[in-house]
Amino acid sequence: MAELIQIASDEDRDTFYLNMGPQHPSTHGVLRLRLHLKGERILSAEPIIGYSHRAHEKMAENRNYIQFLPNPSRVDYLSGMIYSIGYCQAIEKAIGLEVPERAEYIRVICNELNRISSHLLWFGTFLLDLGGVTPFLYCFDDREKILDLLDLVSGSRLTYCYGRFGGLVNDVTDDFLEGTARFCTAFRERLREYDRLVTQNVIFRNRTIGVGVMRPELAQQFGITGPCLRAMGMARDVRRDEPYGIYDRFEFDIPTRTASDCFDRYLVRIAEMEQSMRIVEQALAKLPDGPIMAKKIPRKIAPAKGEYYFAVESARGHFGMFIVSDGSEIPYRIHLRTPSFANLSTMRTVLPGTLLADTVSILGSIDIVLPEIDR
Amino acid sequence: MGRIKEIAKGARSLIGSMGVTLKHLKDEPVTVEYPAERAPISPLQRNAIRLIEKEETPGSHNCIACLQCEKICPSNCISITGYRPEGLAMKRPETFDLNFALCSECGLCLDVCPTATLGYTKVYDKAGYTRADFFHDLLEEYRETEEQVVEHLREADRRKKAEREAKRKAEAEAKAKEAGDAQ
Amino acid sequence: MTPRTFNDIFGNPYLAVLAATTVIMGYLTVNALMIIWMERKVAARMQRRLGPTERGKFGLLQSIYDMGKLIGKELITPTHVNKGLYLAAPVLVFAPVLALCSLIPVSQSWVFHDYDIALVLLLAFSGLAVIGIFSAGWGSNNKYSLMGAVRSVSQTIAYEIPLILSALAVVMMAKELNLYQIVAKQEGLWNIVLQPVAAVIFLISATAETNRAPFDIPEAESELIGGFHTEYSGMRFGLFFFAEYSNMIIACSLATVLFLGGWHGPLLPGILWFFIKVYALIFVMMWFRWTFPRIRFDQLLSFSWLVLTPIAIANLFVTAVVSKLV
């Protein structure tokens, strides 16, 4: 064994280190996990990040507020719409810009559609991590429909640059509104199917129930947010706690579970998709007529000197932007507080003691997007 | 006994799952066989930018080389040089290059264009072997007709100027007349 | 009733071996290529895709093109491997398959080789492949490969037992180890009617024995990348791949022989019935694979030891008592 497998140390011949990633099928990009293993049991785990660092925060310091618009959606490319519109809302609040009603409603519809598509992709890849290929392709089929819808209004399929300070680029078309309503009806049917295919499946249940339990005190220690937090039984959601945009006008529940294992995180996300559809349907029913851009938009976007913090609920949790302005057109500093980073840092405490196969499912269940962690 | 019940329940759930995949076995595939057939693209789809041809005068565009798009572009992928032809009020672009390899399709250049002369091409699957394949010369299709267009614009400018002068003259005359009448 | 064997046909045993090897190779190749194509088509249709369409009618020639690609690829031998084991492994995995295949009675008029203890031989040989897998995992000198190999060994041991126990139930009823005679005795009444529990256990264990999803933990791509064949490329990987599908054919053939009455069936000729049954079973295996997520390693073992084995033993016991009484 000694000459074949690199061992941890000369004294300790039973354990070994395993580098999982940065090139590995189920580390969702370029995460590297340094695992200390005894057989298949994990003794310690250390996530190593930074392989897709693109310096988005530094980029912000070298361009003006408008030019930073394409960046947020590339930070987390799976919920790009939420990030992009969130950034617009942050700056609008900072400079005191009013957004027309119609634009607000369209923003909500697009945000929630994006949330569903992000959860769908997570659902598919999570099942792929567990070895089920077919649900993955069903999810992509559904996600494709959402991408088509968002393409119809924003002109891009993944990294949207749809929001502008004071409104939106394009108005929605009737095609989009009808398509969205149609999608909601069809997707409810699909959710029932997923329930039979996956949720009820005994193999899936055995692999997720009781696996990767996060103790509630971790939430405070690491700042866990989003579905991972709600699976711990804490009903925290930025949309409800500090409503931004017009989220206070909609009726929706915040799904929670209590066991905080992979299965609960799965159920929370499934329930969230249903709630998102509820919001979309309400917004579609109430959508007013009117312009989509504010009338008077200042030529120079320059928030007054000071510090601003604005948060939105992305598909992965609490996404915050901390903006320091020196009164000029170019931000002094923009810090992005991304949810996956906090959620991933719990892995060091959650993974030890589990099996290698569980590592994959736990890592999948917290829904990380690596470029968003590295930024 | 509880164990047997559990196994039976598990087996039933597995059969339920198999029912779902079996149901889809007879469904129509959703695949679009890409090179042979293409899915319809959104009318707003963002791609490389182009200069929109003016409807009233074919072979011409409206760009005035104001450099607004070059300034706003976050990726610095647009480079324009302008010149002012003899006897023309507005500038014209001499070169208008797009380095599409850098473009992030944010659409900010379209927002700022004062003459609304920028639009998107419909080619979304261009591939190339070198970086040079992604340098777009936006003026390519307009180069031949540029002289004619400038001549045309000059004509228009002259006409406008003449009109303006005639108007001014008329106004001055009217004023003079008024003044004369008043006296 | 005795079938004609290759020995009878050719008269000379050496000639018979040569002919049988050629025929079996051809038989396996054609079937494996068909199954690979079928697997891709079935998977595609279940996932609402098209699957291979470009090469040949309905993409039927796709597997042949893939084989050509694998043969044409460079064989990379990593520098840090244990060369002997690494190079021997693909052959070790593939060799038992040939021997196994020669024992299956495909039709009532002839078999490759008629042997009185064919079933024992078959079950013994089917355990051999794991040696190849283990030497691949060990010889690759790669942690992922080694884990895959270790998993594979414990899985094979765990599932060999319910497999044999369920086969024994049939043997007890037929009082015969000769596969040809076992099939011959099923005329009119297939064993699956009398032994439904054994049949289900046999199918599950056979799926596990052939390392097919949801029991594909030795090569679980989302955990172990490729498991024991991570370090293999080109036709060496091709042999592993080929052996997996060949094993599938043999497992399904054996299940057909033991439980589905082999060549028995109305109207159509026996050999056709045999293949219809084999392919139906293969379809079921594919159906499993494209529906279920992978079972976790420890659950896989406890499923075998705590669920399948006790049921198989109970089934065997009941069979023994009933066959004594009747």
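Predicted model: local features only at pLDDT ≥ 70, side-chain atom pairs only at ≥ 80, totals over all residues.

Modeller: Residues are numbered from 1 along each chain as its sequence is written, chains are lettered from A and ligands numbered from 1 in the order in which they are written, and side-chain values use heavy atoms, with hydrogens and water left out.

Biologist: What is the mean pLDDT of chain A?

Modeller: The mean is 86, and 97% of the residues of chain A reach 70 or more; pLDDT is the predictor's confidence in each residue, from 0 to 100. Over residues 1-7 of chain A, pLDDT stays under 50.

Biologist: Why are Glu40(A) and Arg151(C) called a salt bridge?

Modeller: The term asks for a side-chain nitrogen of Lys or Arg within 4 Å of a carboxyl oxygen of Asp or Glu. Across the interface of chain A and chain C the rule finds three salt bridges.

Biologist: What makes Asp142(A) and Lys145(A) a salt bridge?

Modeller: Their closest N and O atoms are 3.8 Å apart, and therefore the pair also falls under the cut-off. Both residues lie in helix α5 of chain A, three residues apart, about one turn of the helix. A helix here is a DSSP run of H or I of at least four residues, a strand a run of E of at least two, and both are numbered from the N terminus.

Biologist: How do you know that β6(A) and β7(A) pair?

Modeller: Two strands pair if DSSP finds at least two bridges between them. Nine bridges join β6(A) to β7(A), residues 317-325, so the two strands pair, and they run antiparallel.

Biologist: What makes β6 and β8 of chain A edge strands?

Modeller: The open sheet has the order β6-β7-β8 (chain A), with antiparallel pairing. β6 (306-314) and β8 (333-337) each have a single partner strand, so one side of each is left without a neighbour in the sheet.

Biologist: How much area do chain A and chain C bury between them?

Modeller: About 2,900 Å², 61% of it on carbon and sulfur atoms. Buried area is the accessible area (1.4 Å probe) that two parts lose on being put together, summed over both. By contact (heavy atoms within 4.5 Å), 40 residues of chain A meet 28 residues of chain C.
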